[in-house]
Amino acid sequence: MQDLLEYQQVYIHGRSNLKTLVIYNDISSLEKTDNIENYYGFQNGVKGAELYSAGINQAKKLGIEVKNEEVIKIECNLKIFSITTVNNEYNSKVVIFATGNKKNTPNIKGIKEFEGKGVSYCAICDGFFYKDKNVVVIGSGNYAISEINDLINITKQITVLTNGEKAPEIRANNVKINEKEIKEIRGKNKVEEIEFKDNSNLKADGIFIAQGIAGSFEFAKKLGILMQNNAILVNEKMETNIPGIYACGDCTGGLLQISKAVYQGAIAGLEAIKYLKI
């Protein structure tokens, strides 16, 4: 979703007369590339934004819906996936991740050391561990608000740390906002407190990371998709361990090249069609 790098699978679905929706948000890595000189058919290279735009227009000509919306949640119920964006909700029998390899982890000392020891990336997965406790959500956007909503009826107190960013609009008695810049996460065997750059401290039983826009890493954690080295683990058919969910391109790790992304996108599209016909 966020990145349209693997657009080949979209064309396959469109030409197979399947109803296909592409949801993207934010600027993709392809758009940011100034000039691509090693892609088939372009002797003098091509600008990333130009190739990206051509792909979008080609998809639209096939009658494929392309929507610029931020996805904040993906859930599965009886083999139907519910994709929630800021403004809408969509249902699908198949989801293909083509989100690039971006991981929205803040550069804060202590985060990696305390992953699984009080630092979590999934409120709906780990929220029950913090029933009636004080937790922190690091983030300031729509994704952070979604995580807060999953915690709000479980925890005793939520403190939203924006880490210097503009505070989100949240109205709830047990939610506080703190815009201070974070210096470090500290504790002994588990998270105990957060130290700010002004040398003040905040006690916390747990910390949920929800910075920026959610991508493959965050959604994979929530859905129980297997990962390896922060990349989605797929087989030769681009299948994840969750039936109906495929992944292609940079989010699967390895070679970060457009040619590889298009190849994997083609496989994911064809295999998804087979899955729908079962």
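This is a predicted model: local features need pLDDT of at least 70, side-chain atom pairs count only at pLDDT 80 or more; totals for chains, interfaces and linings use all residues.
Here is a walk through a sheet, some aromatic pairs and some salt bridges in this structure. Residues are numbered from 1 along each chain as its sequence is written, and side-chain values use heavy atoms, with hydrogens and water left out.

Let's start with the sheet. Three strands make an open, antiparallel sheet in the order β3-β4-β5; strands here are DSSP runs of E with at least two residues, helices are H or I runs of at least four, and both are numbered from the N terminus. Two strands pair if DSSP finds at least two bridges between them. At the edges sit β3 (71-77) and β5 (89-92), each pairing on one side only. Between β3 and β4 (residues 80-85) there are six bridges in the antiparallel sense, and E75 stands opposite S82 in β4.

Now for the aromatics. Searching the whole structure turns up seven aromatic pairs; rings of Phe, Tyr and Trp (its six-membered ring) pair if their centres lie within 6.5 Å, with planes under 30 degrees apart counted as stacked, over 60 as edge-to-face and the rest as tilted. Take Y130 and F208: the ring centres are 5.5 Å apart and the planes sit at 75 degrees, so this pair is edge-to-face. It links distant parts of the chain, with Y130 in the loop between α4 (123-126) and β8 (134-138) and F208 in strand β14 (residues 206-209), 78 residues apart. Both Y130 and F208 are buried, where buried means under 20% relative accessible area, exposed over 50% and partly exposed in between (1.4 Å probe, protein chains only).

On to the charges. The whole structure holds 11 salt bridges by the search, each a side-chain nitrogen of Lys or Arg within 4 Å of a carboxyl oxygen of Asp or Glu. E181 bridges to K197, with the closest N and O atoms 3.3 Å apart. E181 is partly exposed at 43% relative accessible area, while K197 counts as exposed at 54%. E195 forms a salt bridge with K183, the closest N and O atoms being 3.6 Å apart. E195 is buried at 8% relative accessibility, whereas K183 is partly exposed at 42%. Both belong to a network of salt bridges linking K183, R186, E193, E195 and K203.
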